[in-house]
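The exercises below ask you to read a fold from its coordinates, each with a worked solution. Please look over the sequence and the structure before starting.

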Amino acid sequence: MPEILVQYQAEIMKAIGETFVMVGVSILAAVLIGLPVGTFLFLCRKGQLLENQFSFQLLNLLVNTIRSFPFLLLVVFLIPFTRIIIGTAIGTAAATVPLAIIAIAHYSRLVEQSLLDVPKGVMEAAISMGASVKEVIFKFLYVEARSGLVLGLTTSIISFISYSTIMGVVGGGGIGDFAIRYGYQQFKTDLMMYMIIIMVILVQLIQFIGTTVSRIIDKR
C-alpha cells in the first residue's frame, strides 16, 4: 500500500463510511418512496388503471422540477428544510436530506419508464382475470419490469455516488470531499488520484453487480 494511503488511512476510512451512509440513505429513499411514486405516475397516466390527469400532471411537475435543479443549488435551497428535519444543516446526516429528495425524483422517473416498457397485454390480462390494483402492481407489473427496475436502481446508485461528492459544501464529508480537501487543496495530486481510483472501482463494482442481477432475473 502506498505510504500516503497509510498516512491518511483513518481519514480515508471515515470518508468511505460517510459516502456509504449518504448513498445508503439515498437508496432507501429511492426504493421506499421513489418506487411507489414512479408506479403512481405510471398508473395515473392517460389510459392506465388509475387514470387521473390532475394527479399525474401535479406529480410529474414536482418530479421534473426537482430533477431540473442543479444539485448544488438544490442543496443550498433545502438548507432551511434540512434544519427543520435534522436540526442542523451541517454534517453527514444533514447531507442525506437533499440526497434523499433527489434520489426519490431520480428513481421515480426511471421506474415510470421501466413500467412503460411492460407490454400492454400484461395489464389487460391481469384486469381480465379480476386482479386488484395491488395484485396488478406486485404480481404483474413489477414481475415483468424487474430487470429494468434493477438496472434503473443501478444507474441511480451511481448518480447518488456522484451527487455525494458535492456534499462537502454542507460538511457532509465523503470520498469526494476528502479528495478535494486533502488532495486538491493541499496539492497532494497522488492522494487525489487514489481517491478517484477508489470511486471508479466502486462505480464499476456496482455496475457489474447491477447488470449481473438484472440479467439473472430477466426471464423474457
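This is a predicted model: local features need pLDDT of at least 70, side-chain atom pairs count only at pLDDT 80 or more; totals for chains, interfaces and linings use all residues.

**Exercise 1.** Describe the secondary structure of the chain and the extent of its trace.

*Solution.* The protein chain has ten helices and zero strands, these elements being DSSP runs numbered from the N terminus (helices H or I, at least four residues; strands E, at least two). Along its principal axes, the C-alpha trace spans about 65 × 40 × 25 Å.

**Exercise 2.** Determine how helix H3 is oriented towards its surroundings.

*Solution.* Begin with the helix itself: H3 covers residues 53–68 and reaches 22 Å from its first C-alpha to its last, close to the 22 Å expected at 1.5 Å a residue, where the expected span is 1.5 Å times one less than the number of residues. Next, sort its residues by burial (buried is under 20% relative accessible area, exposed over 50%, partly exposed in between, with a 1.4 Å probe and protein chains only). Phe56, Leu59, Asn60, Val63 and Ile66 are buried, and they line one face of the helix because, seen down the axis of H3, they fall within an arc of 135°, taken from the directions from the helix axis to the C-beta atoms. On the other side of H3, Phe54, Leu58, Leu61 and Ser68 are exposed. Finally, the cover over the buried residues of H3 includes H2, H4 (71–77) and H6, through contacts, meaning heavy atoms within 4.5 Å.

**Exercise 3.** Is threonine 82 buried or exposed, and which residues does it contact beyond its neighbours within four places in sequence?

*Solution.* Threonine 82, which lies in helix H5 (residues 79–86), is buried, with a relative accessible area of 3%. Leaving aside neighbours within four places in sequence, threonine 82 is in contact with Gly87, Thr88, Ala89, Ala94, Val97 and Pro98.

Technical notes:
Residues are numbered from 1 along each chain as its sequence is written. Side-chain values use heavy atoms; hydrogens and water are left out.
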